[in-house]
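Open your viewer and get ready to click along.

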Amino acid sequence: MKLFGDIEFFVVEAFRGVRRSGVMSLVAIGIVTVSLFIFGLFLLFMVNLGNMVAEMGTRLDIVAYVEKAVTPDEAAAITEKLSHITGVEKVRYVSREEAWRSFRDDFTQKLDLATIVGENPLPDSFAIKVRTPDILPKVAEAVAQYPEVDEVRYSGKLIKQIQTLIDALRLGGMVLVVLLFFATLLIVVNTIRLTVLARETDIYIMKLVGATRSFIRWPFVIEGVLIGVLGGLFGILILKPSYDAVTNRLQVGLPFLPLMTDKFTLNVIYLVVGISGMLLGMLGGYISVSRLLKEK
Amino acid sequence: MIEIKNVSKSYPNGVEALFDVNIHIGKEEFVFIVGPSGAGKTTLMKMLYREELPNSGTVIVDRINVTELLPEQVPYLRRAIGVVFQDYKLLPRRTVYENVAFALQVTGAARSQIRRHTMQALELVNMLKRASSFPEELSGGEKQRVCIARAIVNNPTLLLADEPTGNLDPTTSWEIMELLDKINRRNTTVLVSTHNKSIVDSMKRRVVQLEGGRIMRDQQLGSYNQV
């Protein structure tokens, strides 16, 4: 009963605060919305990059193409020879039929490539898995020495470059997110400070009659949560359809791009965005009233 | 009840508000603090509920050493002290009832208690009939009654009134002093700072006279001026 009365007091006071600084509250909600939208974009971007790298990692292979089709016996002999190169973990013979099938599986859902190209243009090949990415070039060179091998391809260098790029992007993104966080926090703090100033006498009286600091603080923290949660909600409401629209387009234009479409992961990201809004608001409310609560 | 020992206080702007002040006030006493503006009356009161801290010396209220209190303990000290201001400090958007109840609400009292104590306090100051009015609809004397009701609603052991009649006409001033006297007779220690000579002279209570931050006189059954 007592606790219920307190909570009712806090919430009523918080709503009074939001209403009292009406326009400024709307501005703050709008800025929280934009900030969290950008934050969400960053999270989605990073998740997708990570996804891409993971996908590429599974293709950490050297592919050795042979000039013409080989017989099963020849295939076994070449497999045996390639396996003896230092650093090679596993060699697998991929017939041209198999390669064509997996290629079509990758693409035909999205594009009708099979009918465009017509017959199978692919040669036989050997997929060579190496132990660590850094020895890829050496192994590739060794593989190329064999007369049976026509052409050697590997994507290690690209992966390494992409990884470096991602690290840079992640760092830059985090700096951006931190700056964004403080800028948004400042706006929220200043918005709620309007309520705090309008209620300076109330706060003075509360202190005078012996309200504890946390009691005085709660309405302002809740006011911050209201602003933060509304901002977060609007942020998600813009973020989700934007992401869905972009991924839909990309999937048609660049079908081989491994985009993150896992519902669960995406929902977790949206949840993180929403909770960030709430925490941002809470912190803003907490800070806004702190100066007035200092005791001598 | 109150023990002020060797208290000195100067403000950052260099003003020396109090200088080596010593006062002892017993339980249920009624004491006038007199002296010209700037003598240190308000500072003295603020020390008691710890809105100001002395630069040196100790302040003890109801066995609590105010000067050594941790910030988080301060609210509990203030619940034992009621404060009445010259400018009332009522909250304009709240009714008389809400203004008084507010003092209980923010200390987390139960709802049934809030109602009972608020009604009792309003009855004591004779403002029950104006319970649903807003402060702007009240006269100065009525506002001061509400302010007093708010100060006593949680049954403090000490009531401080800083020039409570400073904005009131003589008749109303008398009514307010009689009210403070009535509260004193209900076992509350009362400390009143005032400029009101006729009231001090006719009430014949203990008078502490401050001047330039020093105690010039501390006299039982005193008058406004030294005789």
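Here is the tour, stop by stop.

Before you start: this is a predicted model, in which local features need pLDDT of at least 70 and side-chain atom pairs count only at pLDDT 80 or more, while totals for chains, interfaces and linings use all residues. Residues are numbered from 1 along each chain as its sequence is written, and chains are lettered from A and ligands numbered from 1 in the order in which they are written.

**Stop 1: chain A as a whole.** Helices (H or I, at least four residues) and strands (E, at least two) are DSSP runs, numbered from the N terminus. Of the 296 residues in chain A, 29% are buried, meaning that 20 or more other C-beta atoms, placed from the backbone, lie within 10 Å of the residue's own.

**Stop 2: helix 6 of chain A.** Now select residues 136-144 of chain A. Buried here are A:Leu136, A:Val139, A:Ala140 and A:Val143. They cover an arc of only 100° around the axis, so they sit on the same side of helix 6 of chain A; the arc is that of the directions from the helix axis to the C-beta atoms. In general, an α-helix has 3.6 residues a turn, so residues three or four places apart point the same way.

**Stop 3: where the chains meet.** Show both chains. 17 residues of chain A are in contact with 19 residues of chain B; contact means that the C-beta atoms, placed from the backbone, lie within 7 Å. On the chain A side, helix 1 (2-20) and helix 8 (200-208) each give two or more residues, and the largest share, five residues, comes from helix 8 of chain A.

**Stop 4: helix 8 of chain A.** Zoom in on this helix, where the buried residues include A:Ile203, A:Ile205 and A:Met206. The buried residues of helix 8 pack against elements of both chains, among them helix 9 (213-253) of chain A and helix 3 (96-105) of chain B. Just after helix 8, look for A:Gly210, which takes a positive phi of about 95°.

**Stop 5: the sheet of chain B.** Which order do the strands follow in this open sheet? Four strands run 2-1-4-5, with antiparallel pairing; strands pair if DSSP finds at least two bridges between them. The edge strands are strand 2 (16-25) and strand 5 (64-65) of chain B. Finish at B:Glu3, whose bridge partner in strand 4 of chain B is B:Ile60.

Key
Contact = placed C-beta atoms within 7 Å. Buried ≥ 20, exposed ≤ 12 C-beta atoms within 10 Å, placed from the backbone.
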